[in-house]
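The sequence and structure come first.

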Amino acid sequence: LAVSFCQYTEEERVSQLLHSVSKYLTLLIEIHPINNVRVLKAVDSCVRVQFLYPVEGRTTSTGSRLLLVSEDKYIEQFDVHVVAEEHKVVIQNSGQLPRTRVADDLIWAQWDMMEQRLFYIVPKESRSTLKCVQFYPDENFNSILESHLDISVNGTQLKLVNFGYDYCEDQDVASKSLNLQVFTSKAGGLCVCCSLPSDIPGEIRYSVYFLHKGYNKTFTVSLERTELKEVAFMNLDYYVAAYLPGQFLHLLNIQHPDLLCYSLFLTGEDARIDTLQNCSIRSPLTSTVLDCCVGSMYAINISDSALLQFLQNSKQDSERLAALHCALLHFQHTEDLEMQIIWWISENLSTCHSFDPIQEFIIASLYCRMCPETHNLDKLLPYTSLLDWIGIIPGVTCATDIISLPVLECQNSKGFWEKLNSNLESAKYAEPHLHYHNNVLRREWLNLSEEYFNWPSTLFIWGFLFFINQREERKTTAYLRNIFENAKKVLSHLDTWDSEERLIPLFQEEDYQQQLLMGLMVAQLKDHLMRHLQYVGKKKIDQIVLDYVANLLNLVHRIMKEVWKRYQLHSCTFCFDERGSAREFAVFHIMSRILEAANGMCMPLPPGFHTLHLGLGVRCLPLHTLLHYIDSGVLHLTETCVRKLLEDLDDTEENEKLKFSIVMRLPEALGQKVRQFWNHPINANLIARKYVKLLLEKLGNRQCSRPMPERLLVPVDFLPLNYLTNMLAEIEDQGVHPYEKQDHVNVRFVEETALKHTMMLLGLKYS
């Protein structure tokens with residue numbers, strides 16, 4: 001047992017003439033045999049003692065090690081070797097115990113009990129130096145970290161953190177020493193939190209040094225009135241909390257401190273912690289708080305129910321975004337939590353002005369799901385859709401300063417030091433640039449879409465195979481084939497996850513444009529990870545990428561599913577002869593925002609999404625709005641939906657107008673496939689016009705030099721039509737047939753259609 005105590009107060013020494021008696025006594029006591037006591041220190045300065053602990057699970061030990069921290073600003077380690085004698089354990093050396101000097105000239109020190117680490121600060125001329133000593137189970141220790149801090153420590157007394165607490169003494173020291181704590185996180189975060197003096201009434205200042213990121217943030221909070229000036233700091237692992245009882249609670253995101261919108265600043269009742277109403281607070285362990293005034297220790301964490309309530313009641317975008325990220329990244333994902341967040345998103349799409357909640361939900365959820373799979377993946381995957389944040393927190397100003405990165409003196413270290421070293425390496429190479437961006441993906445996808453989807457043939461059903469026999473296009477063919485193979489792997493991988501019934505027609509049809517985007521995302525994300533995670537191996541990276549894209553599609557499906565349940569839409573197979581309800585219109589609006597979010601991130605959507613979206617649009621929108629949405633690219637015409645519309649709707653005047661407007665907007669390749677399902681004179685007229693146009697274009701391309709022979713005599717009832725059919729028949733005889741798969745579309749079809757149309761215009765009956 002080690003104990004350090006004050007024998008007499010200064011008044012007692014003077015009154016009893018005890019000047020020759022030491023004020024403080026430090027003893028080492030053998031518990032058995034009784035009364036075997038050694039004096040380690042007998043001095044006039046205060047001394048604190050702290051045993052080092054052996055490795056967890058070790059049942060035998062040949063001795064103990066003891067740290068002795070002196071008010072004279074040094075730290076020593078005593079080695080206490082023991083032996084067994086007659087059923088007793090006694091100190092081996094009868095003389096002085098071996099001692100080693102650990103640190104000198106320190107002004108502040110903090111003990112990390114769980115990890116057996118000693119942080120301390122040594123003042124220099126213009127700035128201070130933070131150092132860390134790591135103690136090991138094999139009785140060795142070494143100085144492992146050094147970092148320069150711009151903190152003024154002139155004239156301050158020694159401040160000790162987590163070396164026990166003496167209320168009277170520490171209260172006296174507190175006014176003359178640093179209010180500072182060091183916090184670490186499981187992910188390799190290292191923060192120094194420091195309260196700063198301020199001469200302005202009602203102003204509170206504090207700094208947080210994010211050493212693992214290489215910058216410091218200084219916050220100034222303006223309050224109307226406060227008697228307290230000292231901010232208490234708490235370690236919540238993913239967050240550091242700055243707390244001023246009765247005023248504010250500031251939760252600072254350790255992993256992503258670059259944008260303030262990921263940090264929660266709470267005031268009023270939201271910032272109230274009932275059991276902690278004074279500033280005499282310490283955080284000796286992660287998610288643990290010691291109230292020094294009453295001697296009570298509490299476990300402390302963020303309540304998921306309270307956070308969701310705060311999210312629902314928030315009025316500012318900064319609060320909404322911080323709460324959303326906290327819920328997605330800090331809490332374990334459950335179906336109930338995801339459902340409540342999705343419901344909140346569906347109700348607040350138009351209230352979030354500076355960010356897209358759908359984008360943030362998808363990216364943050366993917367980040368949370370994927371990062372635990374592989375070390376350092378958190379530095380390569382995006383965690384937000386925002387590039388910057390220009391919003392402000394009312395009453396709070398923040399100044400950011402670049403600081404030098406800490407110097408680590410460790411080799412082959414594991415655990416926290418390995419993760420911290422990885423974070424420092426990322427900070428050296430400007431970490432934001434390491435995260436995957438969609439710029440290249442967007443450019444490549446737009447180029448390929450424009451090049452191939454605008455062809456006058458159905459390329460993505462069979463057309464890209466045409467290149468196989470073209471030598472100059474062999475590279476392109478292999479590239480495209482690989483892209484579509486990637487997409488097939490993603491969809492088949494997704495099929496193995498979820499056996500529950502999906503929304504029809506999601507995942508039930510081919511969408512080659514979305515498959516192109518899926519395949520491109522797989523290829524480019526794989527290249528990105530291979531550049532930075534070479535040690536992981538190609539097979540593992542392939543699996544990570546497939547999981548990422550499949551999870552992305554699954555999240556979109558999850559949003560759709562929850563929205564469907566919330567608005568009680570039981571059927572996904574639409575009948576176009578009825579108008580949509582208000583609930584369907586609400587779902588259509590949400591799907592439009594999902595599409596907008598996907599376009600903004602260049603993110604693939606589940607096959608069938610556009611069919612479902614278009615079906616709702618036909619049911620819910622007036623014709624002029626529907627056509628405007630189609631022309632502006634909000635609604636995409638799909639074969640499944642257009643074919644169903646042409647087949648199911650009868651040919652009333654209103655429906656004819658709708659069908660004609662849709663058919664006129666179809667891409668050429670899609671139009672050739674679906675127009676045949678609408679048996680109507682208007683459609684026949686369109687087909688005939690298109691056929692004539694294509695034949696005449698072919699004639700112009702052939703540049704025939706020989707005169708056209710006269711054809712066999714036909715009844716000359718209408719000379720212009722007769723001349724046209726003769727010319728078209730001549731072109732057909734030369735082997736030109738644009739509609740090879742539709743045998744009924746020929747010169748005879750054109751002639752009949754033209755006559756029907758003419759008779760209809762003249763008001764005559766055609767027989």
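In this predicted model, helix 5 and helix 6 cross in a right-handed sense. Helix 5 covers residues 335-347, and its axis lies 10 Å from that of helix 6, at an angle of about 160°. Because angles over 145 degrees count as roughly antiparallel, helix 5 is roughly antiparallel to helix 6.

On the helix 5 side, the contact is made by Glu-338, Ile-341, Ile-342, Trp-344 and Ile-345. Helix 6 contributes Pro-357, Ile-358, Phe-361 and Arg-369. By class, 7 residues of this contact are nonpolar and 2 are charged, with no polar residue.

Helix 6 (residues 357-370) also packs against helix 13 (residues 582-601), where the axes come within 9 Å and cross at roughly 60°. The two helices are therefore oblique to each other. The crossing of helix 6 and helix 13 is right-handed.

The contact of helix 6 with helix 13 comprises 5 nonpolar, 2 polar and 2 charged residues.

The axis values for the two pairs are set out below.

| Helix pair | Axis distance | Axis angle |
|---|---|---|
| Helix 5 and helix 6 | 10 Å | about 160° |
| Helix 6 and helix 13 | within 9 Å | roughly 60° |

How values were computed:
Residues numbered from 1 in each chain as written. Predicted model: local features only at pLDDT ≥ 70, side-chain atom pairs only at ≥ 80, totals over all residues. Heavy atoms only, no water. Axes fitted to C-alpha atoms, helices over the stretch in contact; angles between N-to-C directions. Helix = DSSP H or I, 4+ residues; strand = E, 2+ residues; numbered from the N terminus. Parallel < 35°, antiparallel > 145°, perpendicular 65-115°, else oblique. Left-handed = near helix turned anticlockwise from the far one by under 90°. Nonpolar A, V, L, I, M, F, W, Y, C, P; charged D, E, K, R; others polar. Contact = heavy atoms within 4.5 Å.
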